[in-house]
Every structure is written in C-alpha cells, then in structure tokens.
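Subject: Structure for you to look at

Hello,

Here is the structure we spoke about. Please open it first and keep it beside you as you read the notes below.

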Amino acid sequence: MRTQVVIIGGGPSGLLLSQLLHRKGIDTVVLERKTRQYVLGRIRAGILEVGFVDLMREAGVGARMDNEGFIHDGTVIAFDNEDFHVDFKRHTGTTVMVYGQTEVTRDLYDAREAMEGKVVFNVDGVTIHGADSDAPHVTYFVDGVEHRIDCDYVAGCDGFHGVSRQTIPLSVRREYEKVYPFGWLGILSETPPVHEELIYSNSDRGFALCSMRNANLSRYYIQCSLSDSPDDWDDAGFWEELKRRIPEEHADNLITGPSIEKSIAPLRSFVTEPMRWGRLFLCGDAAHIVPPTGAKGLNTAASDIHYLYHGLLAKYQDGEAEGLDSYSGKALARVWKAERFSWATTNMLHRYPDQSEFDIKMQRADLEFLRDNDSAQKVFAENYVGLPY
Ligand code: APR
Ligand code: PHB
C-alpha cells in the first residue's frame with residue numbers, strides 16, 4: 001500500500017491532522033493501536049483555546065462544538081476561603097470553549113468515517129523504517145498479518161507511550177522531564193456544576209478544581225498522593241474532601257451525586273527535542289506532556305497540528321519546504337511557553353510534600369499578586385486563552 005502521510009495514533013492529534021489533510025486532497029492512513037470505543041472511553045480535559053476551535057472549524061467538524069460547547073469569559077481562582085475572578089475577555093478580547101476532549105474525538109471519528117478516511121484499528125508492532133531517508137515506510141500487524149505502507153512523511157501522533165519518539169536515535173534526541181510528587185483524583189458526576197466558571201483552588205489540604213462538561217455533567221479533581229488508588233476514595237469521601245478545599249460559599253452550593261468515572265492521573269512535565277527527524281514529525285503527547293493545571297495538553301497538540309498541516313500543505317501545493325523545515329523550532333517555541341505556564345500554575349496552586357514555610361509564603365505572595373495586579377491577570381489570561389500560533 002502507498003499513501004502520502006502515515007499517521008501513527010488515532011487520538012485527537014492524529015485524527016485532526018488526517019481530517020485537515022484529507023479536505024485538501026492529501027491522502028493519509030491512520031494507524032491506531034486500540035479500538036474507537038477504547039479511545040472514546042478515555043476522559044481527558046475539556047478546555048479549548050480559540051486556536052483549537054478555529055482548527056476544528058477549518059477541519060469541517062465545528063458544528064456540534066459550536067452548538068453544544070460553552071464559552072467561558074474567565075475563571076475563578078480561590079485561596080483562603082475567598083476567591084477572585086480573572087476576566088479573559090476584558091484582558092485579551094478572547095474566551096475559551098468548554099467542550100470535552102471525548103466529544104472532540106467523537107466528532108473527528110464521525111467525520112473521518114463520513115469521508116471514508118482510512119483508519120486502521122487494533123494495529124500492533126508499528127515500526128517506522130527509513131525516517132531519515134527519502135523513502136520511508138511503516139510496517140505493522142493486524143491479527144498477526146504484517147502490512148507495509150510506503151509514504152512521503154510519517155506523523156508520530158501516538159502519545160507519550162508511542163513508538164514514534166523512540167524511533168529518533170538517542171544521539172539526536174534530548175528529553176527534559178519533571179515529575180511532580182502528587183496526582184489528581186478526578187471524578188465525573190451527573191450533577192450541575194457548582195459554579196458557572198471553573199474554580200481553581202489552593203487550600204492547605206491540597207489543590208482542588210471544579211470543572212464541567214455541560215449543564216448536568218460536572219468534573220471535579222482533588223490533588224492526591226501518588227500512592228492513592230481510586231478505590232481508596234469512595235464518593236462520600238471525595239465530596240467531603242472537595243468541600244474542605246474550596247471556599248465555603250461554593251461548598252455550600254455543591255450538589256453531589258454518584259460518580260460515573262473515577263481515576264487518578266500523575267502529573268508530569270516533559271518535552272523531547274527535536275520534534276522532527278528526517279521525514280518523521282512528532283505531534284502532541286508523543287513530543288510533550290504538561291501537568292493539567294491550565295488545560296494545555298490538547299491545546300499544544302493543536303498548535304503542533306496547525307504548524308505541521310500548513311507545512312505539509314505548502315510542500316504538496318507549492319513545493320515549498322520552509323514550513324516543514326521550521327516545524328520543530330516553531331512548535332517547540334510555543335510548547336515551552338505552555339510548559340512554563342502549566343508548571344508555574346501547578347506550583348502556585350498545589351501543596352508539595354517538602355514545601356517549607358518560606359515556599360508557602362512565596363505561593364501566597366504569587367496568589368495575592370495575581371489577585372491584586374491587573375497586569376499579572378492580563379499575563380495569566382493571555383496564557384490561559386492561548387498564546388498566538
Ligand atoms: N501504534 C499505534 N497507535 C498507538 C501506539 C502505537 N504504537 N501507541 C499509542 N497509540 C495511540 C493511542 O492508543 C492513542 O489513541 O495513539 C493515540 C495517542 O492519543 P493521545 O494519547 O490522546 O495523544 P494526542 O492525540 O497527541 O492527544 C493530545 O494531549 O494532554 C493531552 O489529554 C490530552 O490526550 C490529549 C493529548
Ligand atoms: C477538565 O475539565 O477536565 C479540566 C479543566 C481544566 C483543567 C484541567 C482539566 O485545567
């Protein structure tokens with residue numbers, strides 16, 4: 001088989017790239033290790049920057065998002081039983097969209113299916129050959145049978161545990177990582193959100209976040225120990241702890257109910273450089289991970305896809321290679337800024353096991369400065385709604 005671009009991984013990055021390219025007549029094959037049901041079963045964040053929203057529309061998959069998504073003009077930050085508001089609209093003229101990653105992925109799968117896009121599920125043993133040559137190919141197995149696809153380019157969209165990044169030799173690849181000494185325990189519940197905007201809360205018992213998916217679906221998180229398991233937390237224990245970590249005013253309004261999903265995610269910052277090796281391009285979680293504070297995971301994936309899509313388009317339509325040649329540099333420049341924001345926001349809001357009295361004073365000064373200073377709020381808002389592509 002031959003195609004123009006082999007895309008490894010059928011998560012949001014791979015699907016979005018495939019959908020955008022297909023609409024411009026560029027042929028792709030997506031290779032996904034799991035099933036569609038499995039991919040859609042993963043609960044991830046749900047805040048879309050305006051750049052992501054535009055890309056979804058450009059890919060022709062914005063209709064349901066525009067209909068069902070919620071525009072948020074700002075967010076609430078809480079500490080010490082009080083809270084303050086950061087107004088994105090006033091500071092940046094833009095907003096964010098609340099629309100779950102699961103819905104984004106579902107819309108992309110539906111669109112790929114409607115256009116008869118080639119997505120192969122349940123692939124095994126994906127191997128990239130000759131990425132640094134002019135004629136790469138990819139081999140993989142389905143039901144024990146080996147297949148081969150020759151291509152012009154390979155997009156590595158296979159997440160943090162994928163094979164694409166590992167294909168880049170260690171003599172070329174440099175990795176940067178920070179692992180945080182805590183996780184987030186998240187639950188999804190069919191209850192109305194406690195507040196119309198998200199609440200990010202610093203408390204001396206640890207961080208908490210009140211988020212949402214829609215008018216009757218809420219997503220809540222509490223910082224937990226890495227040794228905790230979701231089974232250690234029954235619903236009553238979760239709600240009680242959440243209430244103790246958010247201002248009383250909100251705790252009193254919280255409507256609780258049974259959780260329909262409960263999971264723990266460890267927090268990590270990670271970047272690999274470069275994001276291109278020959279004809280292999282890394283995108284999204286395959287190249288970088290952020291802690292979820294600030295919701296930059298999906299959004300940095302989207303900016304990668306934007307740069308790669310335009311680079312491929314320029315090459316196929318005009319024979320112009322500049323976009324592909326500058327891909328890694330452009331993507332990384334934006335990624336590192338999102339890494340900085342996610343790391344700084346994580347530091348501002350969480351309790352660390354080894355935090356000194358001094359560290360706690362610094363954290364408090366950070367929060368008070370943000371609360372009281374319009375310029376600081378503007379900087380926060382610019383980062384939250386997403387830096388320009
Ligand atoms: N072969 C084929 N597919 C693979 C392989 C492999 N060896 N390894 C992983 N995959 C698939 C996974 O099953 C998954 O569906 O690649 C996909 C990667 O998807 P994600 O992990 O969701 O990564 P990405 O598409 O880059 O999405 C952006 O940013 O912070 C996050 O939550 C956010 O998941 C979102 C991500
Ligand atoms: C979520 O709704 O899951 C969510 C929202 C904002 C974050 C992280 C997660 O910063």
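A polar contact here is a pair of N or O atoms within 3.5 Å; within protein, one must be able to donate a hydrogen and the other to accept it, and residues adjacent in sequence count only if both atoms are side-chain atoms. This is a predicted model, in which local features need pLDDT of at least 70 and side-chain atom pairs count only at pLDDT 80 or more, while totals for chains, interfaces and linings use all residues. Residues are numbered from 1 along each chain as its sequence is written, chains are lettered from A and ligands numbered from 1 in the order in which they are written, and side-chain values use heavy atoms, with hydrogens and water left out.

Ligand 2

An oxygen atom of ligand 2 sits 2.8 Å from a side-chain N or O atom of Arg213. For the side chain of Tyr221, the distance from an N or O atom to an oxygen atom of ligand 2 is 2.5 Å. Gly294 takes part through a polar backbone atom, 3.2 Å from an oxygen atom of the ligand. Taken alone, ligand 2 exposes 280 Å², and the protein buries 99% of that (accessible areas come from the Shrake-Rupley method with a 1.4 Å probe; for residues, only the protein chains shown count as cover).

The shell of ligand 2 holds 14 residues, and the closest are Tyr200, Ser211, Arg213, Tyr221 and Pro292 (a residue is near a molecule or strand if one of its heavy atoms lies within 4 Å of it). Strands E15 (208-214) and E16 (217-224) each supply at least two of the shell residues; E15 gives the largest share, three residues. Helices (H or I, at least four residues) and strands (E, at least two) are DSSP runs, numbered from the N terminus. By class, this shell has nine nonpolar, three polar and two charged residues. Ala, Val, Leu, Ile, Met, Phe, Trp, Tyr, Cys and Pro count as nonpolar, Asp, Glu, Lys and Arg as charged, and the others, Gly among them, as polar.

Where does ligand 2 lie relative to domain 1 and domain 2? Domain 1 (5-72 + 96-177 + 268-345) and domain 2 (180-267 + 351-385) both give residues to its shell, so ligand 2 lies between them. The domain bounds come from an automatic or database domain assignment.

Ligand 1

Around ligand 1 there are 25 residues, with Ser13, Glu32, Arg42, Arg44 and Asp285 the closest. An oxygen atom of this ligand is 3.3 Å from a polar backbone atom of Pro12. The side chain of Glu32 has an N or O atom 2.6 Å from a ligand oxygen, and a polar side-chain atom of Gln101 is 2.9 Å from an oxygen atom of ligand 1. Ligand 1 taken alone exposes 710 Å², of which the protein buries 92%. Helix H1 (12-23) and helix H10 (297-318) are the elements that give two or more residues to this shell, and the largest share, three residues, comes from H10. Its classes are 10 nonpolar, eight polar and seven charged residues.

Two backbone details

Glu273 and Pro274 are joined by a cis peptide bond, with omega about -10 degrees. Pro274 is in the loop between strand E17 (259-273) and strand E18 (276-277). Glu116, a residue other than glycine, has a positive phi, near 55 degrees; Glu116 lies in the loop between helix H6 (101-114) and strand E8 (118-120).

Regards
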